[in-house]
Amino acid sequence: MEAKDYTQDSTVDLRGQPAIASKTGRWKACAFLVGYEAFERMAFYGVASNLVVYLTTQLHEDTVASVRNVNNWSGSVWMTPILGAYIADSYLGRFWTFTFSSLIYVLGMVLLTMAVSLKALKPSCAKGVCNKASASQVAFFYASLYTIAVGAGGTKPNISTFGADQFDDFNPKEKELKASFFNWWMFSSFLGALIATLGLVYIQENLGWGLGYGIPTIGLLLSLFIFYLGTPIYRHKVRRTKSPARDLVRVPVAVFLNRKLKLPRQSTELNGFEPRLYTPIFRFLDKAAIKDDNTYATRHACTVAQVERTKLVLGMILIWLVTLIPSTIWAQINTLFVKQGTTLDRTLSPSFQIPAASLGSFVTLSMLVSVPMYDRYFVPLMRRRTGNPRGITLLQRLGIGFVIQVIAIAAAYAVEVRRMHVIRLHQITGPKDIVPMSIFWLLPQYILLGIADVFYAIGLLEFFYNQSPEDMQSLGTTFFTSGIGVGNFLNSLLVTLVDKTTRTDGGKSWIGNNLNNCHLDYYYGFLLVISTINFGAFLWASSRYMYKRENTDANLGCVQMEGKALDTSPLGLQV
């Protein structure tokens, strides 16, 4: 009887049977996942892109309150994946966590569509002017939004990692295919966002909010149908440890208990020492693996493998910290950039005005153009020069994204200075007065942020998936989502503090309800300064970062994958 070609990475099908390589996984399985991602991103950005406009025009919130509420909701959407990833890694697995969470996500979208469609749930309007929403209407609207946030908590960290699981790391051909996975995964995400910012935003402002939210709701239901069509050919990773996240608690506790003990001179004396795993960084954590039978604490000593997993997470935290400011810059796209655009001339013809939020489509367009160029031209060119299978290292990719983002916020500052000059020149003071300056002046900042994200956002997702400990890749991916979430919360905090501080003693707010009579240019200048300082912090953190040692063969040891001296694999890094 001929042996079946099972996968080498021990993945299984939904019934728990070993996965057959020729019949499961790879891009034929990822096609269903990519289809889901495009529709899901259309739904998310269909809400997020124009939410600040709905809050100000329909619910009559002021500028600071609307920006704060959008940031708080967006932050929650990107923070709840921490819980979803923990449940997936420790209990249910990626597939089932995604399944249950997607139902909550759809419920939230249905409730939100009802909130903007049914007369009893939305403010009454006459001749384009809406009355103030009642407390119950506001409560129902925000309950719907945060139901979406809860659902996203289980879908977002698991769907991309589940996609990466479809490639066998120990099969050279599949590993080569996997090297481009995150680039094309984000391409589908950008495609969904483009449809939202170009089409749905226009529908919301011109044909009705109910239709504008109803379409992505139907699209999300369709995407789930597409996802489950691929169930028979999906691969599922089996957890090697019962609860891998517990090591993140056990190791610090053991370090505290052993705090008075001296580290052995030779690392080989540590409990469960393995040369292929040990790294000489964060040596204070090695105290968790001290063997000393005379003390109670060390009878429960951790192994070197457990300590090394904790070291990986600590190193990732250092990189995570310097991604918070870039995430704060990204938060401007759906908040202040949109409000800034509403003050400019948006007329394309006598009968058509471009919605301010639609300019966000240029972020997506620049991404859609840049991803194929990066994957098909930049990577092969750099690969020939550096010998690195990725062309450049993960942290170099992040660094380039950081630099482009700093240039983008500098462009935003320069355009705002120009806008303020035109305001003074024409003596414009009213909050609804249109500044005689085309909205397309904002294009450079949008396009630059799109190009930056090809390096920064995709690189960051790949970095955290690649560098996270085995059996913790969903939780590792939440470093990416939580960074965006904290960035949104940080932007909310900054906006509130800057507004309150600049209003003191009768001063002019930098971010007031009337953007024609404030100093938004000062705020952008402030963001430019902290972005530049943060880039310096990134250079410091990246210079001290030690890459994860990973398996290059199912039966062999580990090597440091990004370091040239130890790079023994012809295909390089595991994606």
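**Close-up views of a predicted model**

View 1. Helix 15 covers residues 394-426, 33 residues in all, and spans 49 Å from first to last C-alpha, close to the 48 Å expected at 1.5 Å a residue. The expected span is 1.5 Å times one less than the number of residues. Helices here are DSSP runs (H or I, at least four residues), numbered from the N terminus.

Residues are numbered from 1 along each chain as its sequence is written, and side-chain values use heavy atoms, with hydrogens and water left out.

**View 2. The largest pocket.** Its volume is about 820 Å³, taken as the space filled by probe spheres set on grid points joined across faces, edges and corners. A pocket is an open set of points on a 1 Å grid over the protein atoms alone, where a 1.4 Å probe fits, with protein on both sides within 12 Å along at least five of seven lines; lining residues have an atom within 4 Å of a point. Of the 24 lining residues, Thr56, Thr57, Lys339, Thr342 and Lys432 lie nearest the centre. Helix 2 (51-57), helix 8 (181-206) and helix 13 (336-342) each supply at least two lining residues. Helix 2 gives the most, with 4 residues.

**View 3. Phe100 in helix 5.** Phe100 is found in helix 5. Its relative accessible area is 46%, so Phe100 is partly exposed (between buried, under 20%, and exposed, over 50%; 1.4 Å probe, protein chains only).

Notes:
This is a predicted model: local features need pLDDT of at least 70, side-chain atom pairs count only at pLDDT 80 or more; totals for chains, interfaces and linings use all residues.
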